[in-house]
Structures are given as C-alpha cells and as structure tokens.
Amino acid sequence: MANIEKPKFHILEVSGNNYLSWCLDIEMHLQGQDLANAITEDGTSNAKDKANALIFIRRHLHESLQTQYLSVQNPQTLWKRLKDRYDHTKTVILPQAQYDWQNLIRQDFKSVSDYNSTLFDIVSRLELCGIKLTDAELLEKTFSTFHASNIVLQQQYRQRQFSTYSDLIFVLLTAEQTNELLLKNHDLGPAGSKALPEAHANSEKIIGHFKGYKRRQEYNPRRGGRKFNRPRKSNFGPNHDKEGD
C-alpha cells in the first residue's frame, strides 16, 4: 500500500492523553483502506491486510510503546491491549467536558469567534466520550447565556427560529463585524468633528480678501503711510469762504 509507513496524524503518546482522538483517526484510516476487519474480534482478513494494519498502527505509536508491544504480531491483539490500557481516559475527559459545558457562558467571551471556538472544543470532547449534542441544545445554550443587557436582542434572535446552530453563529459573527466597522469609522472621524474642506477654504479666502482690502483702505504708502480715507486737515478757517465773499 502506498505511503502506509508515513505518519498521517499525531502518534499515540505514552500518557494516553490523546488516545480517544488517536483511536478515531486509526479507525477512520483503516476503514478507508479496507483494513478495518483486521482489528475487529470477528473480522476476517488475510495475512497481508493484517500485516499492513499492524505496520500502520505501530507507525503511529510513541517509540516507547513500540518497544513495549514489540512482540505483538496480531493487529487485533495490539488494538485490544491499547484499548484496555487507555480507554479509561473517558472517565477523566467526560467529567471535565461536562463541567465545561455546564459553565459555558456567552457573556464571558469578548468575541463571538472565541465563544464559538470554545464551544466546539467542548462538543468534540463530549463526542469522543459518546455524547452528541443536538443543534437545539447548542442554540439554547447560546440564547440562555446572553448578557442581561441584551435581553431584547436575545428575544429577537429567538423569534427568528433558527433551525441550526451554524445559522445563528453566522448572524452573530456578521453583526459583530458590522459593529466593529462602525466603531472604527467613528473613531477615525466622529460626525461633525471636521469642517467641509471646500467651505473652509472658501471662508478663508473671503476673510483674507476682506482684510487685504481693509488694509489698502487704511494705509497708502504713497501718502507716507497715512490713512487714505481720513479727512485731510484744512489750512483755512471755517469761515474762509464767507470772508472771500
């Protein structure tokens, strides 16, 4: 079989912390290669398939585990011994996963993306332990843990009657992104904080022209800097015209 020796995913650690996910990966790959019967108790497979299955399983074991089970030549026997050794991890993972699910609260997360990621991490661990949550349970968990200040928004989302959790999370992510863009635009330039460029430029031009005109009216360099529109003092008395008559 092509590339059967090449690791396809993470190897099984000695601690067995990744046993459940490792076990699922092994089963899916063997099924895809028509080798699943090699690890089942009532399975019927030829010597070649058993050898290929055994090689594949051993390639995905930690070196210490490879040494410990070096003498095991039957893939079904190796599979059973590993299960007996590590299958108890469910009793450790399940209580923690259930606790995390019970205490998952939407308002504890700064973003919808963070909440969604944590939710699916918990859901994945529960599924590995044989517990599958429905869309209705995921929807109710999200609705019921909205912040108290968003109670009206929560009711509006409930009224839309989402059938799947993915539909709800898409709407929440879109709304969050829209709100972030609005806040960024507001921070860059709050409404009314900046004058219109064209109006501002025109007003400056008019004011400058008026000031220049005023200066030209008050001062004339040809007249020694005296004000142009100030009345000149007369050398004659107020009754000059009358005396001439």
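In this predicted model, Lys 80 is partly exposed, having a relative accessible area of 40%. Its side chain meets that of Asp 84 in a salt bridge with an N to O distance of 3.2 Å, and the count of such bridges in the model comes to five. The points below take up three of these pairs in turn and then a lysine in helix H2.

**A pair within helix H4**
- Lys 80 and Asp 84 are separated by about one helical turn, because they stand four residues apart in helix H4 (residues 75-86).
- Asp 84 counts as exposed, since its relative accessibility of 54% lies over the 50% cut-off.

- Asp 121 is partly exposed, with a relative accessible area of 41%.

**A pair between helices H7 and H8**
- Arg 158 forms a salt bridge with Glu 140, and their closest N and O atoms are 3.2 Å apart.
- Because Arg 158 lies in helix H8 (residues 151-159) and Glu 140 in helix H7 (residues 135-144), this pair ties together parts that are 18 residues apart in sequence.
- Arg 158 is partly exposed at a relative accessible area of 33%, and Glu 140 counts as partly exposed at 38% relative accessibility.
- Elsewhere, salt bridges that share partners join Asp 100, Asp 121 and Arg 125 into one network.

**Lys 48 in helix H2**
- Lys 48 has its place in helix H2 (residues 47-59) and counts as exposed, at 60% relative accessibility.
- The C-alpha atoms of Lys 48 and Ala 38 are separated by 9.9 Å, the two residues being ten apart along the chain.

Conventions: Residues numbered from 1 in each chain as written. Predicted model: local features only at pLDDT ≥ 70, side-chain atom pairs only at ≥ 80, totals over all residues. Heavy atoms only, no water. Helix = DSSP H or I, 4+ residues; strand = E, 2+ residues; numbered from the N terminus. Buried < 20%, exposed > 50% of the residue type's maximum accessible area, 1.4 Å probe, protein only. Salt bridge = Lys/Arg side-chain N within 4 Å of Asp/Glu carboxyl O.
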